[in-house]
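Here are my comments on the model, point by point. Have the coordinates open while you read.

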Amino acid sequence: MRVLLKVCMDTEKANEAIRSGTMPKLIQETVEQLKPEATYFTSDHGKRTAFLVFDMQDSYLMPVIAEPFFMQLGAEITYTPVMNLEDVQKGLSQLNRGTTEPRNG
């Protein structure tokens with residue numbers, strides 16, 4: 001399932017991670033692990049924030065992905081299922097068939 005991961009970092013912990021050089025390593029390891037289709041960095045509500053869109057193979061990966069951000073950056077994490085245009089079109093085409101039941105294929 002395509003997922004949007006939002007990582008909102010604690011300012012003091014992120015400052016320390018930048019000073020110690022662990023922030024670039026954490027980001028690089030995460031990108032290598034997730035192979036996201038998109039990665040963006042910005043501020044949100046005054047905090048450093050990363051947005052990554054990736055394919056989550058199984059829900060057991062949620063703590064595997066989140067724990068380094070919790071432990072090293074005191075981050076707040078949000079996982080949100082998302083769709084691209086093709087996914088929306090496929091879903092809407094199912095509605096046009098008069099059913100909201102999922103169809104295989």
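**Notes on the model**

1. Let's start with a side-chain pair: Asn15 and Arg48 are joined through their side chains by a polar contact of 2.7 Å (a pair of N or O atoms within 3.5 Å; within protein, one must be able to donate a hydrogen and the other to accept it, and residues adjacent in sequence count only if both atoms are side-chain atoms). Asn15 sits in helix 1, residues 11–20. Asn15 counts as buried because its relative accessibility is 18% (buried is under 20% relative accessible area, exposed over 50%, partly exposed in between, with a 1.4 Å probe and protein chains only).

2. Some ground rules. This is a predicted model, so local features need pLDDT of at least 70 and side-chain atom pairs count only at pLDDT 80 or more, while totals for chains, interfaces and linings use all residues. Residues are numbered from 1 along each chain as its sequence is written, and side-chain values use heavy atoms, with hydrogens and water left out.

3. On the fold: I get four helices and four strands, and the order along the sequence is β-α-α-β-β-α-β-α. Helices (H or I, at least four residues) and strands (E, at least two) are DSSP runs, numbered from the N terminus.

4. What is the radius of gyration of the protein? The protein has 17 Å, whereas a compact globule of 105 residues would have a value near 13 Å (taken over C-alpha atoms; the globule rule is 2.2 Å times the number of residues to the power 0.38). Along the principal axes, the C-alpha atoms fill a box of roughly 55 × 25 × 20 Å. Buried residues make up 28% of the 105. Of the contacts with a separation of 6 or more, 70% are between residues 24 or more positions apart (contact means heavy atoms within 4.5 Å).

5. Now the inside. There is one cavity of 30 Å³ or more, and the largest cavity has a volume of about 50 Å³. A cavity here is a set of points on a 1 Å grid over the protein atoms alone where a 1.4 Å probe fits but cannot get out, and lining residues have an atom within 4 Å of a point. Grid points are joined across faces, edges and corners, and the volume is the space filled by probe spheres set on the points.

6. Which residues line the largest cavity? They are Met9, Ile27, Thr30, Val31, Thr39, Phe41, Ala50, Leu52 and Phe69. Helix 2 (22–34), strand 2 (38–44) and strand 3 (47–55) each give two or more residues to this lining, with the largest share, three residues, coming from helix 2. By class, the lining has seven nonpolar, two polar and no charged residues (Ala, Val, Leu, Ile, Met, Phe, Trp, Tyr, Cys and Pro count as nonpolar, Asp, Glu, Lys and Arg as charged, and the others, Gly among them, as polar).

7. Two backbone angles to look at. Lys35, in the loop between helix 2 and strand 2, is not a glycine but has a positive phi of about 50°. Lys35 is exposed, at 65% relative accessible area. His45, in the loop between strand 2 and strand 3, is not a glycine either and has a positive phi of about 55°. His45 counts as exposed because its relative accessible area is 76%.

8. Last, Ala75. Leaving out residues up to four places away in sequence, Ala75 touches Val7, Cys8, Met9, Asp10, Phe69 and Phe70.

Conventions. On a 1 Å grid over the protein atoms alone, a cavity is a set of points where a 1.4 Å probe fits but cannot get out, and a pocket is an open set with protein on both sides within 12 Å along at least five of seven lines; lining residues have an atom within 4 Å of a point.
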